[in-house]
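Let's take a walk through this one together. Have the fold open in a viewer and follow along.

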Amino acid sequence: MIIKNCHVALPNQEQLQKKDIHISNGKIKSIADSIDVSNEPVLDASGYEVFPGGIDPHVHFDEPGFTHREDFYHGSMAAARGGITTVIDMPCTSIPPVISKEALLYKLSHIQSQSVIDFALFGGVSGVLPESILASFPCSLNSVTTAHHDDSMLEAMEALAAYVVGFKCYFISGMETFTAVDHARFRKAVVKAAELKRPLLLHAEDSLFIVPATQYWKARAQAENRPAQWDDYVNARCELAELSAIASACALAWGYTHALHIVHVGTAEAAEIAANAGATAETCPHYLAFSREDFAAHGAALKTAPPVKALGQTEKLWRLVSHDVLAFIASDHAPAPLEEKHTGSIWTDYGGIPGTGTLFPYLYSEGYQSGRISLKQFTALTSGNAARRYGLDSGKGSIEPGKDADLVFIHPQKKYTVRGENLLSKGTLTPFEGKTFDGFIELTMVRGTIVWDARSHSEHPQQCITVKPGYGKYLQWGYA
């Protein structure tokens, strides 16, 4: 295939370049001012801006085990619609969690035939799980036991390393099937991750702050004879919870902070602590777009953990993004059905939003088009930096010969208005409902094949998915 007349985002360029692209066997063969090859199909990209396919390095597609919330088919369709060509799925929101090689292979047996885009996986480092929980899993986790649990954890990490692009753990968790690690276990895990040349990802909120703070704000609402308010939830998980957790994590990772990555940071000062210590960090569009004041309008549609913070944090985080302090932007895609988002209590409403479909459109419109970030920064934040951090950059993350032809075609003169019911995710409740962004993604290409084509059926989004489930390829560290 020859793509003609496209304005393309090439590596290390601050302006789009008018080029032709030759694709062969799913790879970019050449890029030149003009390419003419007889007997090759031609795609005329006049009027489009062409970017590297987005990499969303933080999704919860919930399969197997929690598919009433999301699954790989719907999650990957939502991603493709939003210009994402590769996702990396978290280990904690599936049954069993990916804390052993056996669990990973069990998960793969369920998801390999479902995705319409490429995907990689994280392994998990959980706190100690009781025998009753381990026995409830649908497959035997032979390498995970409660006896000598730290040794078993390190052995499981070794067995998983060849299959995953990193490991994930929590300092606070509400999941009985994937519990928080204590500081001693975290230290062992980060040292082991460094030895295995994989990053250790951390959900960094301090349980020693949040647990008593939650009890306090619940009791205060009762004492004042009022319903709990969203301010109570944010107060219980305020900036201090992130600051304390990230400072502790960086201290505990002393000598190995290069292996530490902090996920979904909502507090700018906490992100600076991580960067100054030599760790990396990510934020998400909802932390850049919303503040705690927006709960009044959006309620549970905006609930995540960590929650969005004070109004000033949005601009502080944007400043860190524009100064290359944050490594990349991820979605933390974690939808849930309406009945789990609206339980009648702010404390039990599910914390998570469908984000993979709005990640790229938001950053293109509110970051690149608005002038907050440059073209070079935009491509780094949406693809290049994540590809490098997770060992996928031999084949992903930029438009250059030898790499996969993962391309996003944006019509810059069109606009995109977010409608939750059309996201293609199982989750339809989004805080971005009704938001209009500059630019419209008309084509998404994965390895030279168009997987999303909205040129003629944009009013019926699912008809724009042009490949069958299972087209997506499972990627491992060092993918080329």
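This is a predicted model: local features need pLDDT of at least 70, side-chain atom pairs count only at pLDDT 80 or more; totals for chains, interfaces and linings use all residues.

**A tour of the fold**

D332 lies in the loop between β14 and α13 (338-341). Residues are numbered from 1 along each chain as its sequence is written, and side-chain values use heavy atoms, with hydrogens and water left out.

Back to D332. This residue is not a glycine, yet its phi is positive, at about 55 degrees. D332 is also buried, at 9% relative accessibility. (Buried means under 20% relative accessible area, exposed over 50%, and partly exposed in between, using a 1.4 Å probe and protein chains only.) D324 also has a positive phi, near 60 degrees, and is likewise a residue other than glycine. You'll find D324 in the loop between α12 and β14 (328-329), where, at 57% relative accessibility, D324 counts as exposed. Why point these out? Most residues other than glycine have a negative phi, and most peptide bonds are trans.

One runs from I95 to P96, with omega near -5 degrees, and P96 sits in the loop between β7 (84-89) and α2 (101-111). Another joins A305 and P306, with omega about 0 degrees; P306 belongs to the loop between α11 (295-298) and α12.

Now for the strands. K4 is part of strand β1 (residues 2-8). Is K4 buried or exposed? At 14% relative accessibility, this lysine counts as buried. Leaving out residues up to four places away in sequence, K4 touches a list of residues that includes K19, D20, D36 and D44 (contact means heavy atoms within 4.5 Å). A32 is 28 residues from K4 along the chain, and their C-alpha atoms are separated by 9.9 Å.

D56, in strand β6 (residues 54-59), is buried too, with a relative accessible area of 0%. Not counting residues up to four places away in sequence, D56 touches I84, T86, V87, I88, A330, S331, T356 and L359. From D56 to L260 is 204 residues in sequence and 18 Å in space, C-alpha to C-alpha.

Next, the helix pairs. Helix α14 (residues 359-369) and helix α15 (residues 375-389) cross at roughly 155 degrees, and their axes come within 11 Å. The axes are lines fitted to C-alpha atoms, for helices over the stretch in contact, and the angles run from 0 to 180 degrees between N-to-C directions. That angle makes α14 roughly antiparallel to α15; under 35 degrees counts as roughly parallel, over 145 as roughly antiparallel, 65 to 115 as roughly perpendicular and the rest as oblique. Which residues of α14 and α15 meet? F360, L363, Y364 and Y368 of α14 meet L375, F378 and T382 of α15. By class, this contact of α14 with α15 has six nonpolar residues, one polar and no charged. (Ala, Val, Leu, Ile, Met, Phe, Trp, Tyr, Cys and Pro count as nonpolar, Asp, Glu, Lys and Arg as charged, and the others, Gly among them, as polar.)

Helix α4 (residues 149-160) and helix α5 (residues 183-195) pack at about 25 degrees, with their axes 10 Å apart. That makes α4 roughly parallel to α5. On the α4 side the contact is made by H149, D150, M153, L154, M157 and E158, and on the α5 side by R185, K188, A189, K192, A193 and E195. The contact of α4 with α5 splits into five nonpolar, one polar and six charged residues.

Finally, the cysteines. C238 counts as buried at 13% relative accessibility, and C6 is buried with a relative accessible area of 0%.

Technical notes. Helices (H or I, at least four residues) and strands (E, at least two) are DSSP runs, numbered from the N terminus.
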